[in-house]
Amino acid sequence: MIYYVKNGVLYTADYMGAAAKRIIGDNISSAFLNESNKTFVITRTNGLVEVINENGLRLRNIFDKAVDARFQGNDILVMEKSGRTTLRSLSGLVLKSIG
């Protein structure tokens, strides 16, 4: 699956680049896909980190003051506005903290 963020909206497309589908909108700054369980971790411009499924259904809020977040295996690496970096589980629990 190909995915991209354009003007704050997350889109997916097939591998040929056709049939773009709007997944979720409203101020998304970045999104990363976990291929193994077909979920996205998205970071909004207001700092909210969420996990959504491939259809755009919100599964969980992870953190609310982040700069960026991405998958690290099945866990989520969150770069916080405070400068701290935390490794969190899919349920939002802090596994490790750096800084």
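Mentor: Before we start, a residue is called buried under 20% relative accessible area, exposed over 50% and partly exposed in between, with a 1.4 Å probe and protein chains only. This is a predicted model, where local features need pLDDT of at least 70 and side-chain atom pairs count only at pLDDT 80 or more, while totals for chains, interfaces and linings use all residues. Residues are numbered from 1 along each chain as its sequence is written, and side-chain values use heavy atoms, leaving out hydrogens and water.

Trainee: Thanks! How many aromatic pairs does the structure hold?

Mentor: There are 2. Rings of Phe, Tyr and Trp (its six-membered ring) pair if their centres lie within 6.5 Å; planes under 30 degrees apart count as stacked, over 60 as edge-to-face and the rest as tilted. For Y3 and F40, the ring centres are 5.4 Å apart and the planes at 75 degrees, so this pair is edge-to-face.

Trainee: And which strands do Y3 and F40 lie in?

Mentor: Y3 is in strand β1 and F40 in strand β5 (residues 39–44), so the pair ties together parts 37 residues apart in sequence. Strands here are DSSP runs of E, at least two residues, numbered from the N terminus. Y3 is partly exposed at 28% relative accessible area, whereas F40 is buried at 0%.

Trainee: Is the pair of Y4 and Y11 stacked or edge-to-face?

Mentor: The planes of Y4 and Y11 are at 20 degrees, with ring centres 5.4 Å apart, so that pair is stacked. Y4 is partly exposed at 33%, and Y11 is partly exposed too, at 23%.

Trainee: Switching to charges: how many salt bridges turn up in the whole structure?

Mentor: The search finds 5, where a salt bridge is a side-chain nitrogen of Lys or Arg within 4 Å of a carboxyl oxygen of Asp or Glu. One of them joins E50 and R58 at 2.7 Å, N to O. E50 is buried at 2%, while R58 is partly exposed at 46%.

Trainee: Which residue is linked with E50 and R58 in a network?

Mentor: R44 is, through salt bridges. Elsewhere, E80 and R88 meet at 3.7 Å, N to O; E80 is buried at 12% and R88 at 9%.

Trainee: Last topic, S30. Where is S30 found?

Mentor: S30 sits in strand β4, residues 28–34, and is buried at 13% relative accessible area. Its side chain makes a polar contact of 2.8 Å with that of D68. A polar contact is a pair of N or O atoms within 3.5 Å; within protein, one must be able to donate a hydrogen and the other to accept it, and residues adjacent in sequence count only if both atoms are side-chain atoms.

Trainee: What is S30 in contact with, leaving aside neighbours within four places in sequence?

Mentor: V5, V41, I42, T43, D68 and A69, with contact meaning heavy atoms within 4.5 Å.

Key. Helices (H or I, at least four residues) and strands (E, at least two) are DSSP runs, numbered from the N terminus.
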